[in-house]
Amino acid sequence: NANNANANNANANNANATNAAPGGAGSRESLGDFELIELSSAEARRRLQFFSQSLRNTQMPRSTGAVQAAGLSVLIPCYAEPLQIYLPHGPSTPAVSDMPGCKRLNQKEYDFLKGFFEQEYKILRDKDEFRRAPRERERRPQQLRSLAEVAHAAERVERTSRPARESAPTAIVDSIEADQEWLEREWVTGRWQAMARTVKGMMKYRRALSIHLDAELPNLIQVERDIVLGLKFRCVAALQTYARYDEHVLSDVERLLVGYNGQGLAIAYIEERVVSHEEEIAELSQGETAVLSNAETKYFACLIDGGLREGSNSYFKKVPALSFKKAGETVTVQRHNRDRLAPTFEIELPGNPVYNGKADNQNASLIFTRGDVLNAIDMNQEGYMEEALKLPCLLREFAMPASSGPPPSIVGFKEHIFSSIGALGDFAASSERVFGTLVQRTMAYPLWSRCHYGHPDMLDKIDQMAQGGMSKGDKRLNLSEDIFAGMDAILRGRHIAYRDYIQVGKGRDMGVDSILGFFSKLSVGTADMTTTRQAFRMGQRLSLGRLLGFYYAHIGSYLGQLHYFHSSYLLISLAYLGAAAEGTQLLSAASATGALMDSMLGPIAILFIASSLLPLVFVLLAEEGWVSAISSPLRQLAHLSPVYFLVQSRVIGASFSREFSQGGGGYVATGRGLGIFHLPFHEIYVFLSEMCYYPAADYCLLLIAWPLAGPMKVGIFAAFFAWFNALSLLLGPSLFNPGCFHNPRRPFAQWCKLKFERRALTFEDDHSGVLSDVGTWLTWLLRAPPPDERSGATPRPNPKRSWEESFRKRIEDRRGVEWYSLVLPSKEALMAVPLLLITYKAMQPRGWEVWHMFILACPLPSLFVVSLLTPLLRWALLLRNRDNQGTLSDLSGPGCAVSPHGATGGPQRQTTSGARALNRARNAARVSRRLAAHLPRRRASARP
């Protein structure tokens, strides 16, 4: 709402501020009140270019100011992802880095970040604070080196007066930032996908609202401004595992809360508590463990916001950190050698709500949000200050009714993928960029079928509370928990909009295993989503245009990936069957099937490659110009992007199909680390054997046996793409594995012997390369699973340890598969039928009869018989289990009671002794039934 003169002055001030900022200013030219600056930072140019272009966007509504804007709450769920990054060898670096919320860089990751961001790291080293840090640390008092003592000092300052409390966090933060290690950790965290990076980016919303309030109400005093900002903004970090953080991560949480004290930052978490033994727990000393019987555990949703509690004058109070482990009727309580912040508010819950991670974590933290609008943000995102200034315009969207009805229930906007590091990072970033801009814009209008995809959508809080929360919490059907908020909104007649005049940053996976694992999780979640009641109701109630739009962006996209593999496999199989039929002089079909493959396989492959690159061309042409639209796809082609997209397509299609036929899908943890480490081949093999390597072997066998079976009448064009599909699936995963062409430092035989004798595959001694991969794979094949040291039994199978354990894990996963999935047609079974007919006709002149064919087709009848007998066997086992339960209930009595406490045991051995007694009773009942079945019955007159 500022006039032109104020706008010119603001632009001039921004230009001067940019000139004073470090980062390397190039040539400058004075033009009136403006000063043109050529920035050497590509990221700065990109952000300023998008900011200037977005101001001309006609979709951006006119702001009514920050005073009339709706209240906003940013909700950031986090499970065990890193909060603040630790250096490889720092004074405060923890010795163990596998705890929740803790991430310690190794030297390779640290050197890579310094080399990749070389100019920015040089700016960091040239800062006055960085050079002054060692001297400041020497002059600083000894008692302020630990954060706990800093917090206690802050509490002493807070008790004195309110003005002193307002200035205390600033002084504490200044003393912390004077540390060289802390500055370097801040720099590394700002270039990693960490929780602290996201929180600091989202807290810029409050700074932007404060700037708007200064312009709208310049005479407003600081206390009143803080009250208004408290009503307009809150950032809730839902740290699900906060109660299990160690002392290092807890100190980082304290730094974050102290740094943003009084600015709307809050920590939400779920706390487990024993309420029936509070006095005994209070008497525990640090490191002591207690076993409590008949303990009642309850769960509380807690919030830490740094507010003053009733009856206390402390803003950050410490409480002991406890962990609970329940076994039967006993609860083991352990007090750790650390303290954590006490909650400001707590609400008792009817039970433990967190069974499915992110969905339940969001819904449990929803009660602590404020305002009318929710902003769903993932922990690997970041915010920009210039984009936060548009926040009042974006919040205005919820007050503007659409042309066809009420205001939107969900408003989505653009993401910039900042993790485009390396070839795979570039491929993943381009795919996400196309989906986050072109696809979602088309789905919102004219298809009117856009749903909620988690981040960074803004949602109407009242609507989400009315439909049961932000996410659905079933861990099987609702694996993709975010989309159901949009589906419910569509079913309730609400509108979902998309706007591209504002953006936030977003990080993605960068390794071959993490990227493919992420797409596998999406495919499984989409397959489960198609079986839900929401999808069924949308199929009944949506109009044809909206239903086709929903199909195009969700189910149809994954089915298309599956059908590409089926179509190419079908053409190659038909060509092989035609060559075999003509080679055995059964039919003259080689020319017909070869012509079909020659005319269709090449165009299908070209369409597949074009569909993976053309959307990116259109996006770049609209946003960056024709130079980038031509150079970026050509660069990706030079990096063999068609090979990667073919592997990705096969993973998506196989995961989608397997979830439909067998089920058993679940969440896949990707890690979101740097894709600079070499992954051993056996780990890739465990993950991609059924998806890529087995189909690639089928391809190769068909293409090799094709010329041997009969005449090959296919052009070079189709034969090239047939071998391209086969070799891409066979070599693609290893081709994009970093360091796959390096040579090992030790001889191959000695390396294999060392690996086999050590019986462990350690990452520190692993050397990337082809021979090393072969050695690790052979070691994985030959190694026997180690027995459990305590019980001597075989432990739970770990597929990455040996082939035997991988096979056992696969069998365990398929135990719960329904019987009818075994009779579903597969490409191998469909191809076996014509091959049997060709073989029978070809072998008839040599005296083969029909029974020879039955012997040859033995796997097919046996599969059919097993599929029919499976439900009968399950029914028999169910009856047997019921008989066992009835026998055990008869045996349970005073005479069969087992004391819960052994001679030397205690409450800790109660579960073990009860299980052993149950097993003995079950075995005795089984033996008695078998003896009773074989012994003759006694007559009534027989002697006793």
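A search of the whole structure, which is a predicted model, finds 29 salt bridges, each defined as a side-chain nitrogen of Lys or Arg within 4 Å of a carboxyl oxygen of Asp or Glu. Side chains of opposite charge can pair when their charged atoms come close. Residues are numbered from 1 along each chain as its sequence is written, and side-chain values use heavy atoms, with hydrogens and water left out. In this predicted model, local features need pLDDT of at least 70 and side-chain atom pairs count only at pLDDT 80 or more, while totals for chains, interfaces and linings use all residues.

**Salt bridges**

| Pair | Distance (N to O) |
|---|---|
| E43 and R46 | 2.7 Å |
| R47 and E386 | 2.9 Å |
| D463 and R494 | 2.5 Å |

E43 and R46 are three residues apart in helix α2 (residues 42–54), and therefore about one helical turn separates them. Helices (H or I, at least four residues) and strands (E, at least two) are DSSP runs, numbered from the N terminus. An α-helix has 3.6 residues a turn, so residues three or four places apart point the same way. E43 counts as partly exposed because its relative accessibility is 31%. In the terms used here, buried means under 20% relative accessible area, exposed means over 50%, and partly exposed lies in between (1.4 Å probe, protein chains only).

R47 forms a salt bridge with E386. Because R47 lies in helix α2 and E386 in helix α15 (residues 385–388), this pair ties together parts that are 339 residues apart in sequence. R47 is partly exposed, at 22% relative accessibility, whereas E386 is buried, with a relative accessible area of 13%.

The side chains of D463 and R494 also meet in a salt bridge. This pair links distant parts of the chain, 31 residues apart: D463 is in helix α18 (residues 461–466), and R494 is in the loop between α19 (483–491) and β17 (495–506). D463 is buried at 15% relative accessible area, and R494 is partly exposed at 21% relative accessibility.

Salt bridges also link E271, R273, R340 and E346 in a network.

**Surface charge**

On the surface, E278, E279, E280 and E283 gather in a patch of negative charge. Patches are made of residues with over 30% relative accessible area and no salt bridge, with like charges joined within 9 Å and nonpolar side chains (Val, Leu, Ile, Met, Phe, Trp, Tyr) within 5 Å. Lys and Arg count as positive and Asp and Glu as negative, while His and the chain ends are not counted. The place of a charge is taken as NZ of Lys, CZ of Arg, CG of Asp or CD of Glu. Accessible areas come from the Shrake-Rupley method with a 1.4 Å probe, and for residues only the protein chains shown count as cover.

**Polar contacts and a covered helix**

D214 is placed in helix α10 (residues 204–216) and is partly exposed, with a relative accessible area of 33%. A polar contact of 2.8 Å joins its side chain to that of R225. A polar contact is a pair of N or O atoms within 3.5 Å; within protein, one must be able to donate a hydrogen and the other to accept it, and residues adjacent in sequence count only if both atoms are side-chain atoms. D214 and R225 are eleven residues apart along the chain, and their C-alpha atoms are separated by 8.7 Å.

S251, in helix α12 (residues 247–259), counts as buried at 18% relative accessibility. The side chain of S251 reaches the backbone oxygen of H248 at 2.5 Å.

Helix α9 (residues 195–202) is mostly covered, with seven of its eight residues buried. The buried residues of α9 are M195, A196, R197, T198, V199, G201 and M202.

**Backbone geometry**

Most residues other than glycine have a negative phi, and most peptide bonds are trans. Y445 and P446 are joined by a cis peptide bond, with omega about 15°. P446 lies in the loop between α17 (422–444) and β16 (458–460).

W448 lies in the loop between α17 and β16, and its phi is positive, near 55°. W448 counts as partly exposed at 28% relative accessibility. L640 has a positive phi near 60° and lies in the loop between α25 (626–638) and α26 (641–661). L640 is partly exposed, at 41% relative accessibility.
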